[in-house]
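Please consider the following note on the structure shown here. Its points are numbered for reference.

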Amino acid sequence: MCDSDVCCDVRDMKSHFEDETFDIVIDKGLLDSVLCGTYSSQNCKKMFREVSRVLKSKGYYICISYGDPDIRKGYFEVPEYDWAIMSPSPYKIFKPNISQSDVEFDDKDKEKNKDYYHYVYVLQKVIYKSLSMQRTRLQSPLRRGCPYL
């Protein structure tokens, strides 16, 4: 259990947290920051490996991102992370600001207005019940629409 603030590198948290430490990991903008940096794909993979490692079985990773689902889902859809995206996730949340508090958009204007939304992705660490299910990990549970087990 973490009783105080801890500052560490999300790509390598082994010296701070044991395997399966947390029921929930909440990410507000960290993925976006990682993906804007140098070696973004490699760093994203390291980050997700660590998030998966510190999550307990059936734990949740909640990622709040400005990244469009068509792009972000590709980062989540890696079988080694052992998680599945929970339906109906991602949730689309309007990002109001003072000058646009009364503005409404509909999905037909998605490309033009994509900067006005955050997306909340809810993923759950999946428990594979048998060896045959572990073999099916070669097909991502996200792509198969696999419910949590």
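1. Does Trp83 count as buried or exposed? Trp83 counts as buried because its relative accessibility is 1%; buried means under 20% relative accessible area, exposed over 50% and partly exposed in between, with a 1.4 Å probe and protein chains only.

2. This is a predicted model, in which local features need pLDDT of at least 70, side-chain atom pairs count only at pLDDT 80 or more, and totals for chains, interfaces and linings use all residues. Residues are numbered from 1 along each chain as its sequence is written, and side-chain values use heavy atoms, leaving out hydrogens and water.

3. The whole structure holds 10 aromatic pairs (rings of Phe, Tyr and Trp, the last by its six-membered ring, with centres within 6.5 Å; planes under 30 degrees apart are stacked, over 60 edge-to-face, the rest tilted). Tyr61 and Trp83 are stacked, because their ring centres are 5.2 Å apart and their planes meet at 15°. Tyr81 and Trp83 form a tilted pair, with 5.3 Å between centres and 50° between planes.

4. One aromatic cluster comprises Phe48, Tyr61, Phe76, Tyr81, Trp83 and Tyr121. Of these, Tyr81 is buried at a relative accessible area of 1%, and Tyr121 is buried at 0%.

5. The side chain of Tyr121 reaches the backbone oxygen of Gly67 at 2.7 Å. The C-alpha atoms of Tyr121 and Ser89 are separated by 5.4 Å, although these residues are 32 apart along the chain.

Terms used. A polar contact is a pair of N or O atoms within 3.5 Å; within protein, one must be able to donate a hydrogen and the other to accept it, and residues adjacent in sequence count only if both atoms are side-chain atoms.
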